[in-house]
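Here is a briefing for a reader who is meeting this structure for the first time. Please look over the sequence and the model before reading on.

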Amino acid sequence: MAKISVIIPVYNAERYLSVCLDSVLAQSIKDMEIICVDDGSKDGSLEILEEYRRLDTRIEIITQTNQGAGAARNKGLAAAGGEYIAFLDADDYYLDMDALEKMYLMCGNKKVDICGSFSKMVHPDGNVKDYCLYNEMLRPDRIYEYADYQFDHGYYCFIYRREMLKLHDIWFPLYRRDQDPMFLARSFFHARKFAIADTYLYCYRAPNAVFRFNYEKTIDMVNAVRDVMAFAHEKGLEMLLQRKLDRLNYDYCSIICHNLKEKDVRLLCLLVQTDQWIKENTKTEEAIRPLQQIITNTVAANGEYEERICRWVREQNRVVLYGAGGIAGQFLLFLREKNMLHYVELIVVSEATGEQSESKMGIPIVAFAEYMESMRRSGDGILIAVGADYQKDILSLLEQRGVCSYKILDDVFVREVSERNQR
C-alpha cells in the first residue's frame with residue numbers, strides 16, 4: 001500500500017500541467033501513487049501525461065469522457081490504494097517539497113484521519129500571498145475539533161485517510177461547480193478531529209470567478225450551496241449553515257445576477273425555493289441578496305447601470321471610495337475616462353498597511369478609523385469597491401458607525417467595463 005495517493009483531475013491543462021506534475025514528483029515522500037484522470041481533454045494534456053508516465057512509473061492515467069472535476073476525482077478515489085488521499089488540480093501546484101511527508105507523519109503522530117497545511121495563492125500579476133482562512137486561524141502541531149470551526153472551503157489543503165472515506169461512503173457530488181464543500185463537510189464531520197502541519201502544501205492560481213461560471217454551472221453552484229446547508233441543518237452545524245448563507249449572499253451574488261437569463265427561469269425558481277427553505281429553517285427573515293438585486297432591478301453590467309452610477313456620483317457632496325484594490329482601481333480608470341475622477345476626494349481602507357501607497361491616482365488613502373474622526377457632518381457618499389469576500393464585514397462596520405449613505409459597486413460592473421475597454 002502506498003502511503004499517499006495524489007488524485008489530479010485534468011481537463012485542457014497543457015499550459016500548467018508540467019509545473020503541476022513536477023511539483024508532485026519533487027515531494028520528499030516517495031512511496032506514493034499519482035492518479036491522473038484525463039476528463040476528455042481536447043488539447044495536448046493527455047500526451048503530456050503519457051510522457052511523464054514513461055519517466056515515472058508512479059503515475060497512473062485514467063481517461064474518461066468529459067464529466068467534470070467531481071466525477072474525475074471520484075474515478076481517482078475508486079482507483080486509489082494509498083493509505084491517505086491528497087488532491088491537486090492540474091492548474092495548481094505543490095509548494096514545500098516535504099509537505100506531504102510532514103502531513104503524513106502528523107496523521108500518525110496525532111492519530112487523526114485528516115491533516116492540513118497552509119496554502120498560498122498566485123494572482124494573475126504574479127504576486128504570491130497567503131490564501132486560506134486557516135492561515136490566520138490555526139497554528140501548526142495541534143489537534144482541532146471541526147465543530148469549533150466548521151469551514152467549507154480549502155479541501156485541497158488536507159490529506160484524508162482513505163479507509164475513513166470508504167467507511168462513510170464519502171464522494172464528490174456530480175456538480176460542475178462547488179463539488180468540494182460537501183466532500184469537505186462530510187469528511188470533517190465524520191473525522192471530528194484534524195491536525196495542522198507546519199508546512200505550505202498548496203498554491204492555488206486565482207481565477208476570474210465571475211467569468212468562469214455559465215448558466216448551467218451557476219445552477220449547479222446554487223444547488224451545491226443548498227445541499228451543504230441542508231447537511232449542516234441536519235447535523236446541527238450552525239456555523240457551517242451561516243457560512244453557506246454568507247457565500248450565497250456575498251461571494252456568489254454577483255455571479256448569480258451576471259448569469260441570469262431572460263427566458264429561462266430555472267435559476268430564478270431555484271433562488272425562490274432556496275430563499276423559502278432558508279426562511280423555514282433559519283431565523284433569517286430578509287430575502288437572499290441575489291433575489292433582492294433581481295427584484296430591485298440592480299443587476300449590473302449594462303449601460304443603464306453605468307449611468308445610474310455616474311448620476312449617483314454627481315449627486316454626492318463628495319465621494320469616498322472604500323477599497324484600494326483591483327475593483328477600486330478599475331473603477332477609477334472608468335471615472336477618468338468619463339472625466340469624473342475629480343469627484344472622488346478620498347480612498348478609505350479598513351486598516352492602512354506599509355504596503356499601501358499614500359495615494360492612488362493622486363487621491364489620498366486613509367484608514368477607516370482616521371476617516372471617521374474627520375467625517376463631515378453633511379455626510380459623504382461612500383462607494384464600496386471591494387470583492388465579495390469583504391463586503392459583509394464592511395457593511396457591518398458602516399452600520400455600527402451609523403453610516404447610511406453608501407452604495408456597493410458590483411465587481412461584475414467594473415470587470416465588464418474593463419473587458420469592453422480591452423476589446
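Predicted model: local features only at pLDDT ≥ 70, side-chain atom pairs only at ≥ 80, totals over all residues.

Residues are numbered from 1 along each chain as its sequence is written, and side-chain values use heavy atoms, with hydrogens and water left out.

**Helices H9 and H12**

- Helix H9 (residues 215-235) and helix H12 (residues 266-281) have axes that come within 10 Å and cross at roughly 15 degrees; helices (H or I, at least four residues) and strands (E, at least two) are DSSP runs numbered from the N terminus, and axes are lines fitted to C-alpha atoms, for helices over the stretch in contact, with angles running from 0 to 180 degrees between N-to-C directions.
- H9 and H12 are therefore roughly parallel to each other, a term for angles under 35 degrees.
- The crossing of H9 and H12 is left-handed, meaning that the near helix is turned anticlockwise from the far one by less than a right angle, whereas clockwise would be right-handed.
- Among the residues in contact (heavy atoms within 4.5 Å) are Tyr215, Ile219 and Met229 of H9, together with Leu267, Trp277 and Asn281 of H12.
- By class, the contact of H9 with H12 has 10 nonpolar, six polar and three charged residues, where Ala, Val, Leu, Ile, Met, Phe, Trp, Tyr, Cys and Pro count as nonpolar, Asp, Glu, Lys and Arg as charged, and the others, Gly among them, as polar.

**Helices H1 and H2**

- Helix H1 (residues 17-25) packs against helix H2 (residues 45-55) at an angle of about 25 degrees, with the axes 10 Å apart, and H1 and H2 are therefore roughly parallel to each other.
- The crossing in which H1 passes H2 is right-handed.
- On the H1 side, Leu17, Ser18, Leu21, Asp22 and Leu25 meet Ser45, Ile48, Leu49 and Tyr52 of H2, and by class this contact has six nonpolar, two polar and one charged residues.

**Aromatic pairs**

- The count comes to 29 aromatic pairs, the rule being that rings of Phe, Tyr and Trp (its six-membered ring) pair if their centres lie within 6.5 Å, with planes under 30 degrees apart counted as stacked, over 60 as edge-to-face and the rest as tilted.
- Tyrosine 94 and tyrosine 202 have ring centres 6.1 Å apart and planes at 70 degrees, so the pair is edge-to-face.
- This pair links distant parts of the chain, 108 residues apart, with tyrosine 94 in strand S5 (residues 93-94) and tyrosine 202 in strand S10 (residues 193-205).
- Both tyrosine 94 and tyrosine 202 are buried, that is, under 20% relative accessible area (1.4 Å probe, protein chains only).

Key
Parallel < 35°, antiparallel > 145°, perpendicular 65-115°, else oblique. Buried < 20%, exposed > 50% of the residue type's maximum accessible area, 1.4 Å probe, protein only.
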